[in-house]
Amino acid sequence: YTKVDEPGHAIRYWPPGDRWLIDLQGLRDVDVCNAFAEGHGASHPAAPGLLWHVWDSARCAHMPDASVSVIVAPAVVEVQGRDGPKENVGMNGTYHLFGMHAGRPAYMKADGSGHSIRYWPREDRWLIDFDGLRNADVCNAYAESQGAVSHPVELGLSWNVWESAVGRHLPDPSVRAFVAPHWVRVSGRDRGKENTAINGDYTLVALVEGKAAYKKEGSAHVIRYWRAEDRWIIDLEHGFSGGDVANAYADAKGADNPGNADLIWHVWDTGQMRHVVDDDVIAEGLWHASVDWARILERSAAAGPPAPPPLEGLSAVAPSEPMGGPLGASGNPVPNGGG
């Protein structure tokens, strides 16, 4: 492996010693490195349990550093499905990989809000916390990790969201953390043909049928999934509630989002009274660029800390404010919880 922004930095295997090496001089056939982990037969450097030893010039030796981890995790996590007027709808949005927290990948929104996704090892849960990366069991939403989940996007996670009215987290089966392009660009439909308006950029705004749904800014044009026929649909007229009516469609065939160049699009042709394949139409997924966390944190620090919460706790907070509550051993209400 080599870094995207630093091609000279590499992770490579050294067979004579069965070790994985981090070498800031790149891919070379020497046993010199900046850090290493005993391979123990691991097929890749992100295998669980590897202990990394980092070169310490003062001691002229590689010293173990348990805080160093090599992980496999998505760079961006999208959260959607929490609908208004429910509480904590602000959990929806885009979370970027920030680093490690409690031994697992941690994510934050890049808008300066501090909203984060973090792991809570004491109860083996993934938390969505509006108050950032902290060591506390208070959160706005959580999902049971079930022991084998290395990041918050793996299948099977069910999210429980704090409800102030009942003083506990309640399951919300509509909420999902997933990986998908934030934008989909549709192009290729000739201007002289019908339904040329399918061209354009669509932004991720919701979940429909459990999958990413996209909308073109300033219009009712959407891309959504239609589970009954396993198709991605472009609908220029009826939005997210148009059923099987489509200006264009592509058979999904396992594609989890519509930004897939292998999809074959069929576009409605009034003259033939049917959808006709248009090989020129392409839907391309567009992803967020890497986040400059140093700049974002500097800007947040310059803005100053948020106002402290009122001393009276929950009773002094307006009901419209997003709230978080303590987890409890099984999600049960906790006395004096929340805030």
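Which residue forms a salt bridge with Arg-82, and how far apart are the closest N and O atoms? The legends below take up this pair and then move on to other close-ups. This is a predicted model, in which local features need pLDDT of at least 70 and side-chain atom pairs count only at pLDDT 80 or more, while totals for chains, interfaces and linings use all residues. Residues are numbered from 1 along each chain as its sequence is written, and side-chain values use heavy atoms, with hydrogens and water left out.

**View 1. Arg-82 meets Asp-172 in a salt bridge.** The closest N and O atoms of Arg-82 and Asp-172 are 2.8 Å apart. Here is the rule for the term: a side-chain nitrogen of Lys or Arg lies within 4 Å of a carboxyl oxygen of Asp or Glu. Both Arg-82 and Asp-172 are buried, a word for under 20% relative accessible area, with exposed for over 50% and partly exposed in between (1.4 Å probe, protein chains only). Look also for Lys-86 and Glu-163, which are linked with Arg-82 and Asp-172 in a network of salt bridges. The structure holds 21 salt bridges.

View 2. Arg-19 belongs to strand S2 (residues 19–23) and Glu-38 to strand S3 (residues 35–38), so the pair ties together parts that are 19 residues apart in sequence. Strands (E, at least two residues) and helices (H or I, at least four) are DSSP runs, numbered from the N terminus. Arg-19 is partly exposed at 30% relative accessibility, and Glu-38 is partly exposed at 28%.

**View 3. Two aromatic residues, Phe-98 and Trp-293, form an edge-to-face pair.** Their ring centres are 5.0 Å apart and their planes stand at 75°, so the pair counts as edge-to-face. Rings of Phe, Tyr and Trp (its six-membered ring) pair if their centres lie within 6.5 Å; planes under 30 degrees apart count as stacked, over 60 as edge-to-face and the rest as tilted. Phe-98 sits in strand S7 and Trp-293 in helix H1 (residues 293–303), so this pair connects parts 195 residues apart in sequence. Phe-98 is partly exposed at 32% relative accessibility, whereas Trp-293 is buried at 13%.

**View 4. Tyr-119 pairs with Trp-126 and has Arg-104 over its face.** The ring centres of Tyr-119 and Trp-126 are 5.3 Å apart and the planes are at 55°, so this pair is tilted. Both Tyr-119 and Trp-126 are buried. Arg-104 lies 4.0 Å from the ring centre of Tyr-119.

**View 5. An open sheet is formed by 9 strands.** Follow the order S23-S22-S21-S20-S19-S18-S17-S16-S24, with antiparallel pairing. Strand S23 (274–277) and strand S24 (282–286) are the edge strands, each pairing on one side only. Two strands pair if DSSP finds at least two bridges between them. Strand S16 (residues 183–187) and S17 have 4 bridges in the antiparallel sense, and the bridge partner of Val-184 in S17 is Tyr-202.

Technical notes. Lys NZ or Arg CZ within 6 Å of the ring centre and 35° of its normal.
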